[in-house]
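Colleague: Before we discuss this protein, please display the sequence and the structure.

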Amino acid sequence: MVVRIRLARHGRRNLPFYHIVVANARTGRNSKPLEQVGTYNPLPNQHGQKEIQMNFERVKYWLTVGAQPSETVEKMLVEANLMPASPKPWMKNAPKA
């Protein structure tokens, strides 16, 4: 059973809002997750910042158990210093993990 940390879209048309969830890889985007570990609002607030809230303890737990983050969630986790940046094929000066 492959477990992924990914985004589940909520909100309405032109006003997206995402829940950061842990779910089985084969389930649908908005199906019932195993656990909700955070939220992400991609629309900038009055200060121009996008709001991300995460339960770091639960995210660390799921990463140690073997959950694989999606690309978008992986970028968020790298920004939060929860995991190192993985080298991509198009990155020439990427640090080797």
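Modeller: A word on terms first: helices (H or I, at least four residues) and strands (E, at least two) are DSSP runs, numbered from the N terminus. This is a predicted model, in which local features need pLDDT of at least 70, side-chain atom pairs count only at pLDDT 80 or more, and totals for chains, interfaces and linings use all residues. Residues are numbered from 1 along each chain as its sequence is written, and side-chain values use heavy atoms, with hydrogens and water left out.

Colleague: Which pattern does the protein follow along the sequence?

Modeller: The protein has two helices and five strands. Read along the sequence, their pattern is β-β-β-β-α-β-α.

Colleague: Which element has the highest mean pLDDT?

Modeller: pLDDT is the predictor's confidence in each residue, from 0 to 100. Its mean over the protein is 88, with 92% of residues at 70 or more. Among the elements, helix 2 (residues 71-79) has the lowest mean, 91, and the highest, 95, belongs to strand 3 (residues 35-41).

Colleague: With which side chain does the side chain of Glu35 make a polar contact?

Modeller: Glu35 lies in strand 3. Contact means heavy atoms within 4.5 Å; leaving aside neighbours within four places in sequence, Glu35 is in contact with Ile20, Val21, Val22, Arg58 and Trp62. A polar contact is a pair of N or O atoms within 3.5 Å; within protein, one must be able to donate a hydrogen and the other to accept it, and residues adjacent in sequence count only if both atoms are side-chain atoms. At 2.7 Å, the side-chain partner of Glu35 is Trp62.

Colleague: Does Pro69 count as buried or exposed?

Modeller: Pro69 has its place in strand 5 (residues 68-69). Buried means under 20% relative accessible area, exposed over 50%, and partly exposed in between (1.4 Å probe, protein chains only). Because its relative accessibility is 15%, Pro69 counts as buried.

Colleague: How far apart in space are Pro69 and Leu7, C-alpha to C-alpha?

Modeller: Beyond four places in sequence, the contacts of Pro69 are Arg4, Ile5, Leu63, Glu74, Leu77 and Met83. Pro69 and Leu7 are 62 residues apart in sequence, and their C-alpha atoms are separated in space by 9.6 Å.

Colleague: What percentage of the residues of the protein count as buried?

Modeller: The C-alpha atoms fill a box of roughly 40 × 35 × 25 Å, taken along the principal axes. Of the 97 residues of the protein, the buried share is 31%.
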